[in-house]
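Subject: Structure handover

Hello,

Here is the structure I said I would pass on. Please open it before you read my notes.

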Amino acid sequence: MTVLKIEAAGLADEWPALPYRIESAGPAGPQRPLPEQALCEFRFGPAGADADPRRIAIDLQALPGADAGDLWLSELPVRHGWATAKTTKC
């Protein structure tokens, strides 16, 4: 288990702490539902349509011997979804 601490250019005191861990996304294969505590999943390979906005495909091959991707898991509750852009007429 890896735990990282992120500091944003001098604003770390103003940002809430977000404890998370990064795990291997596992071997490539059929997409499975992401767990509720998933912040995002980065995967190497062609991008396919996905209903989950937390899944990010990187259309490159992984390095030999490297994992197929990373799964970032939060230790706090996660909300996710899609936002639609509002358009205005000029």
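Below are my notes on the fold, the aromatic residues and one serine.

First, a caution: this is a predicted model.

**Overall**

The chain has five strands and zero helices. Along the sequence the pattern reads β-β-β-β-β. Of the 90 residues, 21% are buried. The chain exposes about 7,400 Å², and 59% of that comes from carbon and sulfur atoms. Take the contacts between residues at least 6 apart in sequence: 55% of them join residues at least 24 apart.

**The aromatic residues**

How many aromatic pairs does the structure hold? There are two.

Planes under 30 degrees apart count as stacked. The pair bridges distant parts of the chain, with Y20 in strand β2 (residues 20-24) and W72 in strand β5, 52 residues apart. Y20 has a relative accessible area of 6%, so Y20 is buried. W72 is at 25% relative accessibility and therefore counts as partly exposed.

The other pair is F42 with W72. Here the ring centres are 5.6 Å apart and the planes stand at 65 degrees, so the pair is edge-to-face. The cut-off for that label is over 60 degrees. This pair also links distant parts of the chain: F42 sits in strand β3 (residues 38-44) and W72 in strand β5, 30 residues apart. F42 is partly exposed, because its relative accessible area is 26%.

Put together, Y20, F42 and W72 make one aromatic cluster.

**S74**

Now to strand β5 again. S74 belongs to this strand, which covers residues 69-74.

Is S74 buried or exposed? Its relative accessible area is 5%, so S74 is buried; the limit for buried is under 20%.

What does the side chain of S74 reach? It comes to 2.8 Å from the backbone nitrogen of L76.

Setting aside neighbours within four places in sequence, S74 is in contact with L18, P19, Y20, Q37 and L39.

**When you look**

Then go to S74 and its polar contact with L76.

Best wishes

Conventions: Residues are numbered from 1 along each chain as its sequence is written. This is a predicted model: local features need pLDDT of at least 70, side-chain atom pairs count only at pLDDT 80 or more; totals for chains, interfaces and linings use all residues. Side-chain values use heavy atoms; hydrogens and water are left out. Helices (H or I, at least four residues) and strands (E, at least two) are DSSP runs, numbered from the N terminus. Buried means under 20% relative accessible area, exposed over 50%, partly exposed in between (1.4 Å probe, protein chains only). A polar contact is a pair of N or O atoms within 3.5 Å; within protein, one must be able to donate a hydrogen and the other to accept it, and residues adjacent in sequence count only if both atoms are side-chain atoms. Contact means heavy atoms within 4.5 Å. Accessible areas come from the Shrake-Rupley method with a 1.4 Å probe; for residues, only the protein chains shown count as cover. Rings of Phe, Tyr and Trp (its six-membered ring) pair if their centres lie within 6.5 Å; planes under 30 degrees apart count as stacked, over 60 as edge-to-face and the rest as tilted.
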